[in-house]
Protein chains: 2
Amino acid sequence: MSEMKSEKRKIGEITKEEVSLFADSYELTMAQAHLERDHNIISSFDLSFRDIPSNRGYMLAAGLEDVVKCIESITFEEEAISFLREIGFKQDLCDYLSDFSFTGDLRAVPEGSVVFQSEPIIEITAPIVEAQILETMLINQIGFQSLVATKAARVYDVVQKYGQNQSLIEFGARRAHGIEAGIKASRAAYIGGFEGTSNLAAGAIYGIPVMGTMAHSWMQSYDTEEEAFESFIETYGEDSILLIDTYDTIIGAKKVKSIVQTKGVKIKGVRLDSGDLVSLSKKVKGIIEDLGIYITSGLDEYKIDLFLKEGGVATGFGVGGNLVTSQDSPVAEIVYKLVQTERDGERTPCMKLSEGKQTYPGEKSIRRVIKNGKYQRDILALRGESVDGEEQLVDVYINGELVYDLPELEVIRRRAKDSISALPESCKKIEGQERYRVEISKGIDALIKTLL
Amino acid sequence: MSEMKSEKRKIGEITKEEVSLFADSYELTMAQAHLERDHNIISSFDLSFRDIPSNRGYMLAAGLEDVVKCIESITFEEEAISFLREIGFKQDLCDYLSDFSFTGDLRAVPEGSVVFQSEPIIEITAPIVEAQILETMLINQIGFQSLVATKAARVYDVVQKYGQNQSLIEFGARRAHGIEAGIKASRAAYIGGFEGTSNLAAGAIYGIPVMGTMAHSWMQSYDTEEEAFESFIETYGEDSILLIDTYDTIIGAKKVKSIVQTKGVKIKGVRLDSGDLVSLSKKVKGIIEDLGIYITSGLDEYKIDLFLKEGGVATGFGVGGNLVTSQDSPVAEIVYKLVQTERDGERTPCMKLSEGKQTYPGEKSIRRVIKNGKYQRDILALRGESVDGEEQLVDVYINGELVYDLPELEVIRRRAKDSISALPESCKKIEGQERYRVEISKGIDALIKTLL
């Protein structure tokens with residue numbers, strides 16, 4: 001008997017078909033016409049936040065690992081090609097796609113770095129058809145993951161401000177926009193400073209510590225609250241975190257105290273999920289002072305800030321839907337724009353002038369001026385231009401070859417912490433933050449004048 | 001040679017491993033304890049919007065098809081089991097999961113129906129461990145897809161109000177929260193009334209009409225705007241939609257007019273993507289009156305309403321990020337709560353009293369009172385209670401067997417249109433909408449009094 005080899009996917013893996021057809025049809029409409037017109041010219045595209053959201057002082061870059069995985073796995077299989085033929089694409093395009101692979105250069109800001117308005121998180125130089133086929137996937141993966149990583153960093157930073165060292169657990173799987181979103185949001189939250197997730201799949205894929213307590217259904221499934229608490233403690237002993245708000249939080253806390261005293265067990269703590277959390281947490285602390293108090297219920301950086309400002313007592317926070325959807329800024333203003341074309345070896349920088357949506361021309365360099373470990377300002381410059389500061393873009397692909405070692409998640413997370421601590425305090429405020437200074441280099445300025 | 005059989009996934013398909021491990025760890029923590037304590041009692045859970053968002057007058061239910069696909073495919077493979085063992089789950093739970101399949105009942109509101117606060121979109125009756133293992137996936141799929149379908153319906157409804165019959169194309173793939181989100185958002189938008197998508201994958205999976213124009217990069221890749229327009233027309237002829245805002249919208253429109261006249265071709269139209277869209281669209285109409293005008297650029301129901309109110313001229317709208325993220329309400333307040341337990345054949349309704357998060361006890365019935373084809377009010381009743389109105393819940397699973405024929409997408413879309421047109425106008429306003437009346441039945445009222 002011959003060996004049966006199954007092509008079983010790992011969880012979270014992206015299929016070739018998903019990546020290849022996850023494109024806006026205009027990418028292929030343009031591809032077809034470019035090929036037909038022999039106009040598959042070398043082009044450079046910038047992927048950048050046109051602007052960072054008005055309620056953010058910085059963006060934490062995330063998603064590059066998935067971009068690389070997508071580029072590595074993109075293949076137009078027969079099923080995809082048939083579909084394209086069916087909806088009217090021509091044989092020449094189909095033949096081209098059957099052989100598709102990325103042959104260009106890709107430079108990127110490493111995951112866990114901070115970026116600002118107009119700075120290319122990714123810059124691709126490749127035949128225009130290749131560069132365009134990747135567009136939708138690039139914007140999708142980098143935009144969403146950067147939004148969640150940034151939101152997580154804001155939550156993390158607020159907690160640091162009060163110096164009480166609460167643990168931060170991401171609880172958002174159920175409120176994320178799909179299974180993939182839930183899994184990748186856990187990773188992004190971990191990058192941004194969270195220390196665990198409730199999401200088992202994210203634990204399995206990324207090795208993020210998995211944490212969990214109990215739901216209200218546990219409490220309700222027993223005739224009395226006491227019985228529910230006791231049953232859980234019998235199974236989990238000192239790991240138990242008991243949810244005390246199912247009927248009345250204060251009465252729940254008193255019951256826990258009495259059970260803990262009677263049984264002589266030490267448990268981990270209690271969870272509060274409703275009501276006036278500040279006042280309840282203080283009262284609960286008065287009742288069971290040596291136990292942890294875990295707070296959940298629609299939290300985000302604003303609510304945690306207020307909670308701590310008002311003297312709420314917490315050992316840890318569970319943050320869910322507002323984090324994984326970047327609730328106050330769920331749409332990334334992230335764009336992918338042509339900045340240069342090359343014909344017969346001659347490079348022509350280009351820009352669009354659309355009202356409120358202008359772009360900066362030319363292949364870029366992001367230079368960060370750092371003094372005593374603190375970020376002073378960035379200079380958006382032309383590639384190769386002689387300007388101050390440390391280059392932020394690294395080579396990821398050269399001539400279609402992957403030349404970048406994808407870093408471990410812990411390395412990315414550490415980079416995020418370091419980056420955020422190097423930011424000016426004024427950018428890190430959760431409201432009324434100041435804009436970080438991004439200067440446009442003389443080279444770009446001169447180029448714009450020439451092009452206009 | 002023996003046949004090699006590959007287990008290749010279709011695009012958009014969910015893997016067994018993804019579904020099984022896409023769960024919050026507390027589901028398994030509780031499962032383990034329930035099993036250990038021989039407490040795997042029959043339980044009923046309601047999946048409902050605790051409240052519909054304050055900026056929505058109704059919710060359009062979507063996602064049931066994916067829930068069924070997930071339930072059908074859920075299997076804990078050895079890889080998943082190993083991971084669970086590794087992070088400390090016990091052998092008894094692992095053995096149970098290895099054999100897992102859903103054996104319970106599931107009733108649901110069909111996709112494309114409208115639902116309101118506290119109404120169970122899904123009600124499950126099953127051994128508590130089974131019911132809990134599905135929790136995260138259920139909330140995730142129904143919540144996200146219903147948010148997008150609802151947002152789409154609001155956009156659709158605004159366009160209907162002005163009676164100009166503009167086409168609505170969903171352009172959101174790039175701004176959705178991941179690839180799965182982009183694909184499923186296209187389906188949800190189609191259910192809510194959109195007529196096409198730019199997303200090729202959604203076209204391939206669901207047969208949704210795929211549409212696309214050109215990007216700014218096309219325009220920029222040619223030396224002159226004229227050359228770019230002419231080249232596109234040479235390839236696409238009368239299907240061409242030309243993007244005219246790359247440099248100056250009015251000049252762009254004049255160039256298009258001149259090319260169209262000189263060449264004697266009729267094209268489909270032009271696209272505007274920036275600037276003051278109302279004023280520009282009117283001016284463009286004055287220049288090229290017999291061509292279509294397609295409007296894009298951060299649109300949503302509010303902006304389209306304003307655009308049409310102010311006399312903007314459009315043949316169609318492309319709506320993206322704000323739609324697919326449900327930008328003004330990206331987090332669904334959707335919950336999954338225990339409403340009844342059963343032991344030794346005796347059913348015990350239950351409720352939680354947590355402040356602001358109370359639940360209604362017992363297995364439910366949603367009755368909709370309809371007069372002359374218009375929805376008057378709903379009555380949330382106990383299952384089997386004698387009350388007015390048409391039952392909204394249908395059987396999907398009975399004793400683990402799928403008894404529901406998943407309807408075609410067109411049927412769901414038609415149901416959505418009919419449901420929305422049957423709603424009171426006051427619920428459909430995009431701002432300042434009134435709440436639809438959901439009465440609590442005498443049966444539930446009496447039950448609450450008894451339980452308190």
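**Entry 1: strand β1 of chain A**

I began with one residue pair: the bridge partner of A:L47 in β12(A) is A:Y336. A note to myself before going on: this is a predicted model. I then looked up the strands involved. β1(A) and strand β12 (residues 334-343) of chain A pair in the antiparallel sense, with 8 bridges between them. β1(A) also pairs with strand β5 (residues 120-127) of chain A, again in the antiparallel sense, over 7 bridges. In β5(A), I found A:E123 standing opposite A:D46.

Is β1 of chain A enclosed or left open by the rest of the structure? I checked burial: 7 of the 8 residues of strand β1 (residues 42-49) are buried, so the strand is largely enclosed by the rest of the structure.

**Entry 2: chain A as a whole**

I listed 18 helices and 19 strands in chain A. Its C-alpha atoms fill a box of roughly 85 × 65 × 35 Å along the principal axes. Of its 452 residues, 58% count as buried. I also looked at contacts in chain A with a separation of 6 or more: 70% of them join residues 24 or more positions apart.

**Entry 3: two domains**

How is chain A divided? I noted domain 1 as 16-147 + 334-356 + 393-426, and domain 2 as 153-324. Their C-alpha centres lie 38 Å apart. The contact between them takes 13 residues from domain 1 of chain A and 11 residues from domain 2 of chain A.

I looked at the domain 1 side of that contact. α7 (135-162) and α16 (409-422) of chain A each supply at least two of its residues. The largest share, 6 residues, comes from α16(A). By class, I have 7 nonpolar, 2 polar and 4 charged residues on this side.

**Entry 4: the core**

Which residues have the most contacts inside the largest nonpolar core? I wrote down A:V148, A:A152, A:V270, B:V148, B:A152 and B:V270, in a core of 283 residues.

Leaving aside residues up to four places away in sequence, A:A152 touches A:A188, A:A189, A:G192, A:G193, A:F194 and A:L323.

**Entry 5: chain B against chain A**

A rotation of 180° with 0.0 Å of shift along its axis puts chain B on chain A, with an RMSD of 0.0 Å. The two copies are thus related as by a two-fold rotation axis.

Then I turned to the interface, where 91 residues of chain B are in contact with 93 residues of chain A. On the chain B side, helix α2 (residues 25-36) gives the largest share, 6 residues. The residues of that side divide into 37 nonpolar, 35 polar and 19 charged. I also compared the two sides: 100% of the interface residues of chain B are also interface residues in chain A, so the copies meet through the same surface.

**Entry 6: a parallel sheet in chain B**

Strand β6 (residues 167-170) of chain B runs parallel to β7(B), and 2 bridges join them. B:E170 stands opposite B:T197 in β7(B).

How values were computed: Residues are numbered from 1 along each chain as its sequence is written. Chains are lettered from A and ligands numbered from 1 in the order in which they are written. This is a predicted model: local features need pLDDT of at least 70, side-chain atom pairs count only at pLDDT 80 or more; totals for chains, interfaces and linings use all residues. Domain bounds come from an automatic or database domain assignment. Two residues are in contact if their C-beta atoms, placed from the backbone, lie within 7 Å. Helices (H or I, at least four residues) and strands (E, at least two) are DSSP runs, numbered from the N terminus. Ala, Val, Leu, Ile, Met, Phe, Trp, Tyr, Cys and Pro count as nonpolar, Asp, Glu, Lys and Arg as charged, and the others, Gly among them, as polar. A nonpolar core is a set of buried Ala, Val, Leu, Ile, Met, Phe, Trp, Tyr and Cys residues joined through C-beta atoms within 7 Å. A residue is buried if 20 or more other C-beta atoms lie within 10 Å of its own, exposed if 12 or fewer, and partly exposed in between; C-beta atoms are placed from the backbone. Copies are superposed by least squares on the C-alpha atoms of residues with pLDDT of at least 70 in both. Two strands pair if DSSP finds at least two bridges between them.
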